[in-house]
Amino acid sequence: LLCTRRIAIYRNDKTVILKLKMRIHRVAIKNFRSLKDVEIGFDAVTTFIGPNGTGKSSILRGLDWFFNGSKSGDLTEDDCSFGAIDTDIEVEVTFGDLTVADRAQLGKYAPAGVSTFTAWKKRTPEGDEYLSANAKGFPPFSAIKSAQGVNGEGGKKELYNVLRESRSDLSLPAAATGPAIDTAMTTWEAANTDQLEDLPEALQTNFFGFNSGGKMSGLFDFVLVTADLRASEESQDAKSSIIGRILERTIDRTAADEEIGLIVESSRVAQQRIYDEKFKTQLEAMTTSLNAVVDSYSPGRSVSVTPSIIELKPPRTTFDVAVIDGDATTAVNRQGHGFQRTLLISALQVLAQS
């Protein structure tokens, strides 16, 4: 099992290693597969122990969906717990040990004074999926958040002070500006997630854009290593494969891809020129003959036949993994299972260190 500051490696034998600056502190999953309503606290090492079918893998699969989405498409009604298709599927993840860089990227979601950050991913009964850092909130704050202005009657400042005086048990600090009030409410909610409820839709915002889990990967990468992981698939240079992730972190393809793009564009222009030269006379004759007939059926109209505009897309620079054994060079899937596992473990170690 491998770990590093920024990447968690999960094994499907239910052992989880986390050693990060920003790391998972708590996970809550609702209505996902065998998990009706489950909350798990995460430590430096977290181990799930239990009989088959009790939901150990579902916890890891739920986290994989939260971070990486579904490889085979969106979740379906079959993923709803016990057929509860009229209820949201929800995965809630709370992070702790936030660094200065984490706070800078999270912005308003992790202001000074907040020690944790929580995000929610949901799938609605209608099939819509979104990732939000404010899908839930403290109901008494809703009116303050939706206030149009800061000062004046009905403004954010007045509503905040009224709540602060009437609910002394909340221990809200004094705040005189809009940003200070927002920070006070965010800080309180981060420290009292057990009292949060679904926010009105008007107050919910998608975290870094619609369903944009990719932004989360800049803060935290989740790699699910399943028991049936295939070395031949993970050795392909694809964005979701282990080798692909290593290459994305260690190889800069930009310069090569730009130069290849110029070559492809030059080829496209050359092909278009050849088409114009070789077909122009033939197509002009064909157009004349065709229009002579078209005009007899539809006077005043004509057609033009010309070479189609060529569309060539430059290929993304990719790399192959081969196994060298003495004088023989073979594909990964032609190796024994022992060496394939060796390759997987080695690749995971490099990924964790990259």
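Asp79 is buried, with a relative accessible area of 11% (buried is under 20% relative accessible area, exposed over 50%, and partly exposed lies in between, with a 1.4 Å probe and protein chains only). The model is predicted: local features need pLDDT of at least 70, side-chain atom pairs count only at pLDDT 80 or more, and totals for chains, interfaces and linings use all residues. Residues are numbered from 1 along each chain as its sequence is written, and side-chain values use heavy atoms, with hydrogens and water left out. Helices (H or I, at least four residues) and strands (E, at least two) are DSSP runs, numbered from the N terminus.

**Salt bridges**

- The structure holds 12 salt bridges, a salt bridge being a side-chain nitrogen of Lys or Arg within 4 Å of a carboxyl oxygen of Asp or Glu.
- One of them joins Arg33 to Asp79, with 3.1 Å between the closest N and O atoms.
- Arg33 belongs to the loop between strand 3 (23–32) and strand 4 (35–41), and Asp79 to the loop between helix 1 (56–68) and strand 6 (89–96), so this pair ties together parts that are 46 residues apart in sequence.
- Of the two partners, Arg33 is partly exposed at 36% relative accessibility, whereas Asp79 is buried.
- Lys156 and Asp182 also meet through their side chains in a salt bridge, at 3.1 Å from N to O.
- Here the partners come from helix 4 (residues 156–166), which holds Lys156, and helix 5 (residues 178–191), which holds Asp182, so the pair ties together parts that are 26 residues apart in sequence.
- Lys156 is buried, with a relative accessible area of 11%, while Asp182 is partly exposed at 31%.
- A further salt bridge links the side chains of Asp169 and Arg167 at 2.9 Å, N to O.
- Asp169 is exposed, with a relative accessible area of 53%, and Arg167 is partly exposed at 28%.
- Asp237, Glu248, Arg253 and Arg316 belong to one network, joined by salt bridges that share partners.

- Five strands make up an open sheet in the order 4-3-6-7-8, with antiparallel pairing (two strands pair if DSSP finds at least two bridges between them).
- Strand 4 and strand 8 (129–132) stand at the edges with a single partner strand each, so one side of each has no neighbour in the sheet.
- On average, neighbouring strands of this sheet are turned by 10° against each other, direction ignored; axes are lines fitted to C-alpha atoms, for helices over the stretch in contact, and angles run from 0 to 180 degrees between N-to-C directions.
- Strand 6 and strand 7 (residues 117–123) run antiparallel and are joined by seven bridges.
- Phe95 stands opposite Phe117, a residue of strand 7.

**Aromatic pairs**

- The count comes to eight aromatic pairs, where rings of Phe, Tyr and Trp (its six-membered ring) pair if their centres lie within 6.5 Å; planes under 30 degrees apart count as stacked, over 60 as edge-to-face and the rest as tilted.
- The rings of Phe66 and Phe67 are an edge-to-face pair, because their centres are 4.9 Å apart and their planes stand at 80°.
- Both residues are covered: Phe66 is buried at 1% relative accessibility, and Phe67 is buried with a relative accessible area of 6%.
- Phe138 and Phe141 likewise form an edge-to-face pair, with ring centres 5.1 Å apart and planes at 75°.
- Phe138 is buried at 5% relative accessibility, and Phe141 is buried with a relative accessible area of 0%.
- Phe66, Phe67, Phe95 and Phe117 form one aromatic cluster.

**Nonpolar surface patch**

- Ile274, Tyr275 and Phe279 form a nonpolar patch on the surface, with about 250 Å² of accessible area together.
- Patches are made of residues with over 30% relative accessible area and no salt bridge; like charges are joined within 9 Å, and nonpolar side chains (Val, Leu, Ile, Met, Phe, Trp, Tyr) within 5 Å.
- The accessible areas come from the Shrake-Rupley method with a 1.4 Å probe, and for residues only the protein chains shown count as cover.

**Positive phi values**

- Most residues other than glycine have a negative phi.
- Asn31, a residue other than glycine, has a positive phi near 60°.
- Asn31 lies in strand 3 and is buried, with a relative accessible area of 2%.
- Arg33 also has a positive phi, near 55°, and is found in the loop between strand 3 and strand 4.
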